[in-house]
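User: I'm new to reading models like this one. Could you take me through how the terms are applied?

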Amino acid sequence: MKSLKASGHPFSISTLQLEHLHAHRSDQFTDRMADAGLHPLKPTRIEIFQINVGKMCNQTCKHCHVDAGPDRKEIMTRETLQRCLDILATHDIPTIDITGGAPEMNPHFRWFVEEAARLGKHIIDRCNLTILLANPKYYDLPQFLAKHRVEVVSSLPHYTAVRTDRQRGDGVFEKSIQAMRMLNEAGYGQEGTGLELNLVYNPTGAILPGPQQELEADFKRHLLSEHGVYFNKLYVITNMPISRFLDFLVVSGNYETYMQKLIDAFNPSAAMGVMCRNTLSIGWDGTLYDCDFNQMLDIKIQDAPVHIDHFDLDALTNRSIVVDQHCYGCTAGLGSSCGGQVV
Amino acid sequence: METYYNPADLAKFGKIGDFDKALADKFFSYYNEVFKEGALTAREKSLIALAVSHTVQCPYCIDAYTTDTLEKGCTEEQLMEAVHVAAAIRGGASLVHGVQMMNHTKKVMM
């Protein structure tokens, strides 16, 4: 499967996605936020530096909001990564969240993790699991990540092979289980080691996710009894109506129903806790965004310099966060963030 | 094409209150209370609703509770098992009357 970009799909152009999201819709997200007393939306404090180190990935998942895949060549340079480290060394930003693509495919990944660990930051690697088996050079990643106390957050859309493979590709479930075994053997997910392996569930279709606690119990029971693997927490997230998932919604005739479902489920409490309030998203070329979704829609931050080279924490802390119609995805029901449900 | 059932009508269910608000309010209040977590979990209630939807053959209910059970974390296998429960009871309800047929046959025949 090719990325939308490589196949010349209209939704590889962010403005066309936004046009689609704006069409035929009177329920403006900004109005709902204003009703909830949350417009303009302001940051609480920048606690998480979420760095997208590149769009290259060994998988091409059907729902991917990044439109990542083997044919994507955008990769963060060592200079930009160094710039991030310089800022992190001089600012009280406790968490570094490394995402992609498959972040481990960035040739500077290990160097960056070593340097970040030296700063004493909490490091998160958003690992797709199968990368651990993609090439012998990745086989020792579990030990490397464990050595640097990196939290591993991995997508596993379901505890059944059929659902996972439908979204992430044939054979992905079996490889993901093997990768979980490798991580478990390195101490991940085991009580007392402090090495966190957290999974991410997102629905395999045009539905909202159920309650995190129940799904976590299901995942733990099935993965342990059927495959002998374990993990710490399940982060439940909602599929955003952008990129490949937007294409799926349109092609399958679910777009209107799904958007209406998100709008009807708007929850002011979830809106209070959206991740863009404590997270700054950095693109592969050093551009700054309010979140990884805005990044993929090329909606840059406002009220502050838009590039890491001109980082200004005061201006960023006082900026207004840019919101649009896709933000209904983070505020529906129990809410959605990179750390799971927020309510 | 005009049909008796329109999927878009499901979203208009609440509008039955336009003609009689008091009864609609009572119905929806009761309905919402029924589906809350109780002695049965919300997921179990949703699976029962899916099975009953097939028994009463309500297309709106089937759409609604297919989505609802999936959203509550049920698998396709669980959904189909619920439908089989409905089918078994429906089939069984016909078949058990076979006893009545047999009783009557024995009564009227030599």
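User: How many residues of chain B are in contact with chain A?

Analyst: Seven residues of chain B are in contact with eight residues of chain A. Contact means that two C-beta atoms, placed from the backbone, lie within 7 Å. This is a predicted model: local features need pLDDT of at least 70, side-chain atom pairs count only at pLDDT 80 or more, and totals for chains, interfaces and linings use all residues. Residues are numbered from 1 along each chain as its sequence is written, with chains lettered from A and ligands numbered from 1 in the order in which they are written.

User: Which helix gives the most to the side of chain B that touches chain A?

Analyst: Helix α3 (residues 59–71) of chain B, with three residues. Helices here are DSSP runs of H or I, at least four residues, and strands are runs of E, at least two; both are numbered from the N terminus.

User: Which residues of helix α11 of chain A are called buried?

Analyst: A:Tyr258, A:Met259, A:Lys261 and A:Leu262. A residue is buried if 20 or more other C-beta atoms lie within 10 Å of its own.

User: What puts them on the same side of α11(A)?

Analyst: Their arc around the axis is only 155 degrees, so they share one side. The arc is that of the directions from the helix axis to the C-beta atoms.

Key. A residue is buried if 20 or more other C-beta atoms lie within 10 Å of its own, exposed if 12 or fewer, and partly exposed in between; C-beta atoms are placed from the backbone.
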